[in-house]
Structures are given as C-alpha cells and as structure tokens.
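Here is a short note to read beside the structure. Take the points in order, and keep the 3D view open.

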Amino acid sequence: MQLLRAEITGFGKYRNKTIDFTAGNQLFYGANEAGKSTLYQFIMAMLFGFPLKRGRKRDFEPLDGTSYGGRLVIVLPIHGQVTIERFKQVNRGKAKVYFDQQTGSDDLLNQLIAPLNRELFEDVFTFQQEQLSQLERLQEKPLHDALISLGITGSKKLLGKQQEYQDNEQKIFKVRGQRQALNKALKEKEKIAQHVYQQETKEAAITDLLAEKKQDELRQQELAEKIQQTQQEYLTLKEKENSFSQYEEWQLLQKKYPNDDLGAEPEKLQEFYNQYNQLNTRLAEGKQALIALNETQGLTDRYRFYLEHESEIKGLLQEQVAAVRLTDDFQNQLQVQQDLIEAVTVLEDTYQFQVGEDPQQKVKLIKNLAQDYQQLTDKITQTKQEELWQSAHLQAAIDNKSTPKQPVKPPLATIMSGIVALIFLISGLLSKNARFILWAMAAIALIFATYKYYQKTKSNQTAKVKNKAQPVNQTKTAVTQLIAKQEELWYQLQQRLPQLISPEDLPTALVQLENAAKDYLIKNEALMNADQRLDQLDQAYGSFLQRFRFLDKWLPQANQDVLQRLRLLQNFTDEMQEVKLQQEQPTAALLIRQNQLLQQQLDQLLAENQRLLQSVGISQPTEIPLWIAQMHQKAGDLARKQELATRLAKLFPQKITASQLAMALAAVKSKLAELQLEDRKLSRNLQKAQLKLEQMQSDGTLDELRQRLAQADSEVYELALQWSKNKLMAALLGDLATELSDKQLPQLLQKSSEYLKLLTKDNYFSLDFIAGELAVKTKNQSWKVYELSTGTKDQVIMALRFGYLALQTNVLCPLIIDDGWLHYDSVRKEQLAVLLQEFSQHYQVICLSSDVEMVSYYEKLQQKIVLLR
C-alpha cells in the first residue's frame with residue numbers, strides 16, 4: 001500500500017488542508033505544534049477509525065464546528081487508487097470507500113488492506129521515540145528477549161506475552177513453593193481429607209444408615225408424587241361423574257351443530273328486509289301511477305324510453321371527444337402494428353427467422369457452421385499439400401531413387417530347382433551315355449530357378465510400390481471426402497445466408513446476420529408492445545360500445561362504429577327534445593324520474609347486501625323472515641353449546657362412555673389405597689432411622705468436614721485450571737518463538753548486520769549469538785546489548801526492525817518515523833538518513849521531524865522535504 005494524498009477537512013489544527021505524498025523517501029519538517037503528529041493521527045483515523053475519547057487523551061475534533069474528518073487516497077497493488085472518506089458526524093464515523101466505480105464501508109476497507117490492522121500498523125510500521133524509550137529501560141534479560149521478539153515478529157509483544165503467562169503461572173504454583181495459592185490449597189485439602197477419613201472410619205455404621213435412609217426418602221418422594229397424581233386423577237374422575245349428564249347434552253349439540261358459525265346477524269337481515277319492502281312498495285305505486293297517466297295522455301314508448309334514460313344518453317354524448325381520440329389512437333396503433341409486421345416478415349423471409357425461436361441461437365449456429373467451414377478449408381489445404389508430398393515420394397520410389405535395392409531371399413521353388421539342377425549336373429558328369437540329356441535337364445532347372453527368383457524380386461518391388469501408393473490413395477480419398485463435406489457446409493451456409501455468393505463474402509454476411517438478429521429482436525419486442533397497446537385500446541373500445549347496448553331496440557346501430565352510433569344518438573336526442581318541447585308533460589317526466597331513483601336505490605340496496613344474502617344461502621329477500629326465525633333457535637342452541645364447551649372441554653379431552661367412567665373410577669380408588677398404605681410404612685421406617693442418626697451424630701463433625709473438603713476441592717480445581725491455562729499459553733508462545741527463530745533468525749541477523757554497519761558507519765560489523773545471547777561485534781571485540789550506549793542501543797533496535805521489514809515479501813503499508821533518533825549525534829543522524837534513502841527503494845518512507853539537522857541531510861541526499869507550518 002502507498003499513501004498518495006491526504007485531504008483534511010477538519011482534524012486537530014488542520015482546516016481544508018491537502019498534503020501530497022510521493023513514492024520513496026520524504027521528510028515532513030516542522031516545529032513543535034506544526035501538526036506532524038496530527039498528520040500521523042489523521043492517517044490512523046482514516047485507515048482504522050477515529051480515536052475514542054478516553055480521560056485526558058488528546059482529542060483532535062475541531063471546536064469551531066468544522067466537519068471532523070476528511071479523505072485519504074491510497075494506491076493498492078491489485079485494486080489501484082482507492083479513496084477513503086470518513087467524517088465523525090456521518091454514519092457514526094464509518095468509512096466510505098471508492099474504487100473502480102465501486103463503493104463500500106468499513107468491511108470493504110478491511111478486506112482491501114488485510115492483513116493490516118491498527119495494532120500491526122502501530123507496532124511494526126511506525127517508529128516512535130516512546131517505543132525506543134520503553135526498550136531502553138529494560139534490564140539485561142528482558143532487553144535481550146525484547147530484541148529477539150522485534151526481529152522475528154516486528155514487535156516485542158510475543159515474548160512479552162509469554163513472560164506475562166510465566167509470571168502468572170509462578171504466582172499460582174511452584175514445585176517447592178509455600179506461599180503460592182495452589183500450594184496452600186493443596187496442603188489444606190490434604191489435611192481436611194485426612195480428618196474426613198479418620199471420622200468416616202469411626203462412623204461406618206452411620207454411612208450405611210444414611211444410605212438406607214436416603215433410599216427410603218427417595219422412595220417416599222416417588223410415592224408422594226404418585227399419590228398426588230392418583231388423588232388428582234380420582235378427583236378428576238369424580239368431577240366427570242358429577243358432570244356426565246351435561247357431557248351427554250354437549251355431545252348431542254356438537255352432533256347437531258358441527259359448525260359454530262351463526263352467519264350474518266339477524267338484526268342486519270331484518271333491517272335490510274324492512275328497507276327493501278319500503279322501496280319495493282313505493283316503486284310499485286310509482287309504476288301504477290305512470291301506467292294510469294299513459295292511458296289518459298297517450299305517451300309513446302319511444303318518448304317514454306328517452307325520459308327514463310335521458311341522463312345516460314346525455315352522458316354518452318358528452319364523451320364524443322374521448323371517442324374521437326380513442327378511434328384515432330386505435331387507427332394509429334394499427335398502422336404501427338402493420339409497419340412492424342411488414343418489417344419482421346421481411347427479416348423472417350430473408351434470414352428464415354421463426355416466431356418463438358431465439359435468433360441469437362441461430363446466429364450462433366451459423367457462426368459455428370462458418371467456423372467449421374473455415375477449419376475444413378484449412379484442413380483441405382493441408383491435406384492437399386500432404387498428398388503432393390506423398391505423390392513425389394511415390395514417384396521417387398518407382399524410379400528407385402528414394403529406396404536402395406536390398407537382396408531378396410530366394411523362394412523355395414528356386415532353391416529346389418537349384419538342387420535338382422546340381423543333381424542333374426553331377427549325374428551328367430558320372431554318366432557317359434545320358435550326359436548331355438542330364439546337362440540339358442540341369443540347364444532347364446537352372447533357367448526355372450532363375451525365373452522364379454526374378455519373379456519374386458519383381459513381386460517384392462511391386463508390393464513396395466503398392467505400399468507406397470496406399471497412403472497417397474488414402475489421402476486422395478480423404479481430400480475427396482473433405483471437399484464433399486465442405487460443399488455440404490457451403491450449401492447450408494448459402495441456405496441460411498441468401499446474400500452469400502462467394503467465401504470472401506462470408507464475414508460481411510455474418511455481420512449482416514448478427515445485425516439482422518438484433519433488429520429482429522427489437523422489432524419483435526416493439527410488435528409485442530404494439531399488440532398489448534392494441535388489446536388495451538380494443539378493450540376500451542369494446543367497453544365504450546357496450547354502453548350503447550340499451551339503445552339496440554330504439555336505434556339502428558348494428559355494425560356501426562362508435563362515431564356513427566354517436567351521430568345516431570345525437571339525432572335521436574334532437575328528435576326527442578322536440579317532442580319534449582311539444583308535449584310539455586312535466587307530470588309524466590317527474591313520475592319516470594321518481595321511478596328511476598327508486599329502482600336505483602333498490603338495485604343499490606340489493607348490491608350492497610348481496611354478500612349478506614349469499615352467506616346465509618338466501619336467493620330472494622322474501623325468504624328472510626323464515627331464516628330469521630330459524631337463526632333465533634340456532635343462536636340459543638349455540639350459546640348453550642359454547643357454555644358447555646367452556647365448562648367441559650378440559651374435563652373431557654377424549655370421548656368416554658358411562659361404563660368406561662365407572663371402571664376407571666374403581667381402578668383409581670383401589671390404586672390410591674395401596675399407595676397410601678405403603679407410604680405409612682415408609683414414614684415409620686424413616687422416623688426410626690432419624691432417631692438412630694440423631695443419637696450417633698450428635699456432634700455433627702463429619703458433615704462439617706465433608707463440606708470443608710468439598711470447598712477445598714473446588715478451590716484447588718479453580719486454581720489448577722488457572723495454572724494450567726497460563727502454563728499451556730506460555731509453552732505455546734515459547735514454541736512459536738523458537739520455530740520463528742529457527743526459520744527467520746539467520747536471515748534476520750544477516751540483514752540487520754548490514755543495516756547496523758551502515759548506521760554505525762562501519763564501527764560495528766555484525767549481530768550474532770554468543771553463548772545463546774545477542775551480541776554486537778566490532779573488529780576486535782564483542783559487546784553484549786545491555787553493555788552498549790543508549791544511542792547504540794537505539795541503532796541496534798532500528799537495525800533489527802528494518803531487518804525484519806526487509807525480509808517481508810508483501811509490503812503492507814508505508815514506514816512512518818516520528819522523531820525516532822533522540823539519542824543520535826550528527827553522524828548517526830546522517831547515517832540514518834542514508835539508511836532511509838536506501839530502504840525507500842522498496843518501501844514508501846515518511847519521516848515526521850522537528851530536527852532541522854535532518855533537513856540538511858535530506859537536502860544533501862536530494863530527498864523530498866515538505867515544510868509544515
């Protein structure tokens with residue numbers, strides 16, 4: 001990790017301050033109270049959270065109301081630049097982390113900088129004068145152990161913790177100790193145990209009697225529980241016996257009314273029925289008055305229909321604008337749908353896309369075909385080259401240029417013919433009469449043998465040529481098969497890509513296909529949206545048409561659209577308005593309006609109470625009086641059922657008959673008598689045993705000793721547990737330190753010696769172990785660590801810590817040094833500056849100092865210096 005920039009909004013003395021860091025070595029110089037330690041604390045707060053307010057510890061929160069916090073920009077090897085923002089007043093001071101277009105909180109920050117934490121940052125990567133002062137005050141052995149701990153773990157806490165456990169262990173127990181708590185407790189326990197043994201030997205009879213008494217007491221407790229349970233069972237059965245007549249009544253009501261739901265309240269139904277009767281009576285009277293008026297004044301049915309539905313007709317006419325807009329939207333959406341259908345059809349016809357098929361899968365399939373075609377083309381080229389090479393090799397074999405002649409093993413016929421010729425030749429030499437005949441036969445046999453040998457030689461050469469020609473033929477066959485497969489693939493590609501003419505057009509055709517697939521998906525989605533919009537408009541259009549249904553009898557609106565129906569309705573309204581002006585019959589219109597209002601109220605009343613009627617199974621309001629009478633009877637029975645259930649449900653959890661109840665009561669009564677008799681016998685035995693014990697245990701010494709022994713056992717156990725924990729932890733930490741020393745100490749001493757030599761300007765050459773103790777060597781002498789001066793001790797500590805850091809392969813964070821050279825003279829300070837320059841090649845080094853002398857050394861070494869004011 002590398003620090004890049006600190007943007008301090010408000011922290012300590014800083015307000016809206018930006019401080020930039022660079023890689024390598026850098027010195028932040030300023031006088032006391034210039035803000036060096038404040039900068040260090042800001043870095044700590046951004047990485048690990050704001051410091052807690054404890055006692056008189058310094059608080060960096062601004063007193064002028066400025067926001068407490070800021071930002072720290074760091075660079076991580078894997079994630080790059082990361083910005084950490086933390087304000088005390090925001091989210092309880094939790095961090096907000098930004099990197100690579102991601103944001104997170106403290107959990108993400110801990111993951112990014114892991115395994116770095118506050119303790120590791122303070123103990124390993126921070127050099128402060130307070131740490132050196134603590135080490136300088138240690139005596140010989142503790143100082144030696146602390147230095148080893150610094151070298152193998154980067155801090156002195158490992159061996160310090162081990163020593164703490166060892167001290168605690170020694171405080172609790174020592175092998176020959178007298179004052180330790182566990183030693184005292186063991187002696188006291190041993191003493192009490194001896195007294196108990198002596199007393200138990202004298203009182204063996206008491207022990208036996210106590211054991212017998214204990215068994216009797218346990219048996220009596222069991223009997224008491226059984227008697228109590230049996231008595232409770234007996235009382236329960238007696239109560240059942242007394243309540244059995246009510247139980248039988250309850251069972252009958254449960255069988256008659258398995259469901260306790262009474263349904264709707266009778267009062268509500270009665271109220272609804274009264275309102276219904278009133279409205280229905282008034283409506284009948286109004287209709288009768290209208291009939292009488294029609295008979296006397298002669299109103300037409302057409303005009304009467306208009307008067308009854310005048311409000312509905314006017315409502316439809318007021319929505320003419322909405323109807324026009326709905327019709328236009330429907331027509332426009334139809335045109336959009338048609339355009340999309342034509343575009344999708346063109347793509348389907350051109351590229352053979354199908355409805356419900358994923359075009360991307362088809363693109364992928366065709367790309368695979370194109371890839372197979374290209375691979376097949378390459379393979380054909382390679383196979384043809386192989387065929388040319390094999391043909392040339394075969395021609396060389398035919399011309400006897402590629403393979404040298406080899407001797408051919410003579411066939412059996414040649415050998416036999418040679419033997420026969422030899423026999424005839426020898427026979428001719430021995431015979432004088434048939435010599436020439438035998439020689440002639442020998443010549444014939446030799447000619448035959450030569451012929452067979454020549455034939456075998458020629459056959460072998462022909463076979464070799466055939467063997468050479470076989471791979472060529474196989475290669476030709478393979479080329480033919482590959483070409484056929486290539487033509488088949490090309491045919492498939494041309495079928496799927498109609499614009500494909502030559503192999504050179506294949507890449508362009510694939511790009512066009514991929515674009516067409518994307519366009520097809522987009523247009524299909526748009527077409528689906530258009531279909532949904534059309535369905536919505538169609539439903540709205542249909543709903544609007546349904547509102548004209550009551551006019552079917554009076555207007556010729558069949559097969560007419562909305563606008564045409566509105567024109568017909570407007571004409572009808574104009575016509576009826578003229579009739580209304582001519583008739584001027586307010587009485588009829590008033591009656592019709594009254595009847596309409598009554599009918600609406602009646603319909604509304606029925607609609608509001610429809611669920612009430614359905615819940616009780618009534619289809620007509622006239623059935624309500626009979627149902628109410630039945631409900632009154634049922635309500636009384638259900639109330640009695642509920643009353644009995646409340647009283648008897650717990651008493652009768654299961655069904656039982658009268659005979660079963662009588663048998664159970666008799667059995668429980670007999671069992672109770674037997675248990676009470678046994679309990680009386682045990683009580684008498686316990687009284688006798690108690691009298692004997694009181695006589696034998698009049699002083700009570702054994703009980704007291706046993707109690708003291710139990711307390712001593714408990715005390716020894718607790719102390720032994722504490723001692724074993726400290727012993728185990730000290731051993732584990734010792735083993736860990738030993739293992740780390742064996743693995744890391746040689747490399748550590750070598751590296752630390754280099755840094756010590758540099759820091760002391762070759763006055764001290766190396767660090768080494770002499771007789772198990774850490775020593776510092778010069779040219780002629782070795783010095784133990786505690787024999788060194790304070791400044792040289794500081795240099796040894798510095799060399800060991802730098803040596804430990806140099807051995808780490810993973811650079812977790814920068815190295816921060818806050819005036820860690822209090823006991824250094826000018827030469828030592830200059831050498832420290834040289835060491836920091838060298839060390840900054842691998843670490844980012846940040847020095848915070850008020851020492852003006854260090855500024856001169858940094859300028860001499862041409863290192864970066866930042867002035868803090």
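**Notes on the predicted model**

1. The end of helix 13. Start at Gln352, the residue that follows helix 13. Its phi is positive, near 60 degrees. Please bear in mind throughout that this is a predicted model.

2. The length of helix 13. This helix covers residues 320–351, which is 32 residues. At 1.5 Å a residue it should span 46 Å.

3. The buried side of helix 13. Which residues of helix 13 are buried? The list runs Ala323, Leu326, Thr327, Phe330, Gln333, Gln337, Leu340, Val344, Leu347, Glu348 and Tyr351. An α-helix has 3.6 residues a turn, so residues three or four places apart point the same way. Note that Gln333, Gln337 and Glu348 are among the buried residues.

4. A nonpolar patch. Helix 15 supplies the largest share, with five residues.

5. Ile426 sits in helix 15. Is Ile426 buried or partly exposed? Its relative accessibility is 42%, so Ile426 counts as partly exposed. That class lies between the 20% and 50% cut-offs.

6. A positive patch. Turn to another part of the surface. Arg680, Lys681, Arg684, Lys688 and Lys692 gather there in a patch of positive charge. One of them, Lys681, belongs to helix 22 (residues 658–696). With 45% relative accessibility, Lys681 counts as partly exposed.

7. Where is Val124 found? It is in the loop between helix 3 (118–123) and strand 8 (126–128). Val124 counts as buried, because its relative accessibility is 3%. Val124 and Leu815 are 691 residues apart in sequence. In space, their C-alpha atoms are 8.6 Å apart.

8. Gly286 is placed in helix 10 (residues 266–297). Its relative accessible area is 11%, so Gly286 is buried. How many residues separate Gly286 and Leu598 in sequence? They are 312 residues apart, yet the distance from C-alpha to C-alpha is 8.9 Å.

Notes: Residues numbered from 1 in each chain as written. Predicted model: local features only at pLDDT ≥ 70, side-chain atom pairs only at ≥ 80, totals over all residues. Heavy atoms only, no water. Helix = DSSP H or I, 4+ residues; strand = E, 2+ residues; numbered from the N terminus. Expected span 1.5 Å × (residues − 1). Buried < 20%, exposed > 50% of the residue type's maximum accessible area, 1.4 Å probe, protein only. Patch = residues over 30% accessible without salt bridge, like charges linked within 9 Å, V, L, I, M, F, W, Y side chains within 5 Å. Areas by Shrake-Rupley, 256 points an atom, 1.4 Å probe, with all protein chains shown as cover. Salt bridge = Lys/Arg side-chain N within 4 Å of Asp/Glu carboxyl O. Lys, Arg positive; Asp, Glu negative; His and termini not counted. Charge placed at Lys NZ, Arg CZ, Asp CG, Glu CD.
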